[in-house]
Amino acid sequence: MASDNEDVAMRESKRRERQSGRALENPDTDIGLCGWLLVGVSILLMLVTLPISIWMCIKIVKEYERAIIFRLGRILRGGAKGPGLFFILPCTDSFINVDMRTISFDIPPQEVLTKDSVTVSVDGVVYYRVQNATLAVANITNADAATRLLAQTTLRNVLGTKNLAEILSDREEIAHSMQTTLDDATDDWGIKVERVEIKDVKLPLQLQRAMAAEAEAAREARAKVIAAEGEMNASRALKEASLVIAESPSALQLRYLQTLNTIAAEKNSTIIFPLPLEMMHGFIKH
C-alpha cells in the first residue's frame with residue numbers, strides 16, 4: 001500500500017513538472033496596459049528612426065544556437081528562436097543565446113571511500129547537451145556549473161555503494177548508473193546527459209604493492225602446480241619405458257647407442273663406451 005502511494009506521488013510530481021515546463025515554453029503574454037504602452041512607444045521609435053533602427057532589431061543566431069527573447073522581463077510565446085533571423089524591439093526586448101552543441105568536461109579526481117573501506121581516487125568524463133533552451137535559461141542560473149558539481153557528487157555517491165572489486169571490473173555498469181542519475185536530476189534544467197565514462201582508478205601505493213604481491217604469489221603457486229603435474233606425468237612415462245626395456249635386454253643396448261649418438265652430435269668429448277659383461281666372459285674362457 002505504501003509503495004502504491006509513493007508511485008502515485010512520483011507520477012503526480014512528474015506531471016506537475018511537465019506542466020511547469022510547458023508553461024515556461026508558452027507563458028502568458030498579458031503584460032498589462034503599461035507594458036503594451038511601452039511596446040507601442042518602442043515600435044514608434046523604431047519607425048521614426050528607420051532605416052537605422054533596422055540594424056538594431058534584426059538579429060542572427062547560428063545553426064547550433066537558440067535565442068530566448070525576453071519582452072519586459074517575460075519570455076515570449078513560442079519559446080526559443082532560431083536558427084537564422086529573428087526580430088526584436090529596441091528598449092523593451094533582450095535575448096540570450098544558448099549553445100545546443102554537445103559539451104564535454106572532466107570530473108576532477110575524487111577521493112572515495114568504497115563499501116569495503118578502501119580509499120581510491122577516481123576521475124571521469126561527462127558529455128551533455130542542452131535539450132530545452134527555455135528551461136536551461138529560466139530554471140537555473142548556470143546550467144554548466146551545476147552539471148559539473150552534480151557530476152562530482154554523483155560519482156562519489158555511486159562509488160560509495162561499490163566495493164573495490166566491483167569498481168575495477170564493472171566500469172560500464174557504474175558509468176550507466178551515473179548517466180541515469182544525472183539525466184534524471186538535470187531533466188528540469190533542460191539538460192540531456194548523453195554519456196558518462198570512468199577514466200582512471202588510482203589505488204594507494206601500499207595497496208598496489210599488496211595486490212602485486214598477491215598476484216605474484218598466485219602465479220608462483222600455479223607454476224608449482226604445473227611443474228608438479230609435469231613431473232608426475234614424466235615419472236609415469238619413465239615407469240612405462242622401464243617396463244618395456246626390462247622385457248628385452250637388447251633394448252637397453254640400443255638405448256646406450258642412442259645416448260652415445262646424441263652426445264657425439266652435441267659435444268666433441270671423450271666417450272666411455274660400456275661393454276656388456278657377456279662379451280667379457282667369452283674372452284675369459286679363451
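1. A residue is called buried when its relative accessible area is under 20%, exposed when it is over 50%, and partly exposed in between. L207 has a relative accessibility of 23% and therefore counts as partly exposed. This residue belongs to helix α8, which covers residues 205-247. Leaving out residues up to four places away in sequence, L207 touches V118 and L164. The C-alpha atoms of L207 and T119 are 9.7 Å apart, although 88 residues separate the two along the chain.

2. The model under review is predicted, and its confidence values should be read alongside the points below. The mean pLDDT of the chain is 79, and 79% of the residues score at least 70. Among the elements of the chain, helix α1 (residues 2-25) has the lowest mean pLDDT, at 49, while helix α5 (residues 143-159) has the highest, at 92.

3. On overall architecture, the secondary structure of the chain consists of ten helices and eight strands. The chain has 286 residues, of which 26% count as buried. Its accessible surface is about 19600 Å², and carbon and sulfur atoms account for 59% of that area. Of the contacts in the chain with a separation of 6 or more, 68% are made by residues 24 or more positions apart.

4. Is D183 buried or exposed? With a relative accessibility of 17%, D183 falls under the 20% limit and so counts as buried. The residue sits in helix α7, which spans residues 171-185. Beyond its neighbours within four places in sequence, D183 is in contact with I191, K192 and V193.

5. Apart from residues up to four places away in sequence, K192 touches Y127, Y128, R129, Q131 and D183. The C-alpha atom of K192 is separated by 8.6 Å from that of L182, ten residues away along the chain.

6. D93 is found in strand β5. At 10% relative accessibility, D93 is under the 20% limit and is therefore classed as buried. Which residues does D93 contact, leaving aside its neighbours within four places in sequence? They are I69, F70, R71 and I88. D93 and S42 are 51 residues apart in sequence, and their C-alpha atoms are 9.4 Å apart in space.

7. At least two lining residues come from each of β5 (93-99), β7 (119-130), α4 (133-138) and α5. The most are given by β5, which supplies four. By residue class, the lining comprises nine nonpolar, three polar and two charged residues.

8. Several backbone features deserve attention. Most residues other than glycine have a negative phi, and most peptide bonds are trans. The peptide bond from G82 to P83, however, is cis, with omega near 0°. P83 is placed in the loop between β3 (74-75) and β4 (84-87).

9. Where does L72 lie? L72 is in the loop between β2 (65-71) and β3. Its phi is near 55°, a positive value in a residue other than glycine. The relative accessible area of L72 is 34%, which makes this residue partly exposed.

10. S117 likewise is not a glycine, and its phi is positive, at about 65°. S117 is located in the loop between β6 (103-113) and β7. Because its relative accessible area of 60% is over the 50% limit, S117 counts as exposed.

Notes
Residues are numbered from 1 along each chain as its sequence is written. This is a predicted model: local features need pLDDT of at least 70, side-chain atom pairs count only at pLDDT 80 or more; totals for chains, interfaces and linings use all residues. Side-chain values use heavy atoms; hydrogens and water are left out. Buried means under 20% relative accessible area, exposed over 50%, partly exposed in between (1.4 Å probe, protein chains only). Contact means heavy atoms within 4.5 Å. Accessible areas come from the Shrake-Rupley method with a 1.4 Å probe; for residues, only the protein chains shown count as cover. pLDDT is the predictor's confidence in each residue, from 0 to 100. Ala, Val, Leu, Ile, Met, Phe, Trp, Tyr, Cys and Pro count as nonpolar, Asp, Glu, Lys and Arg as charged, and the others, Gly among them, as polar.
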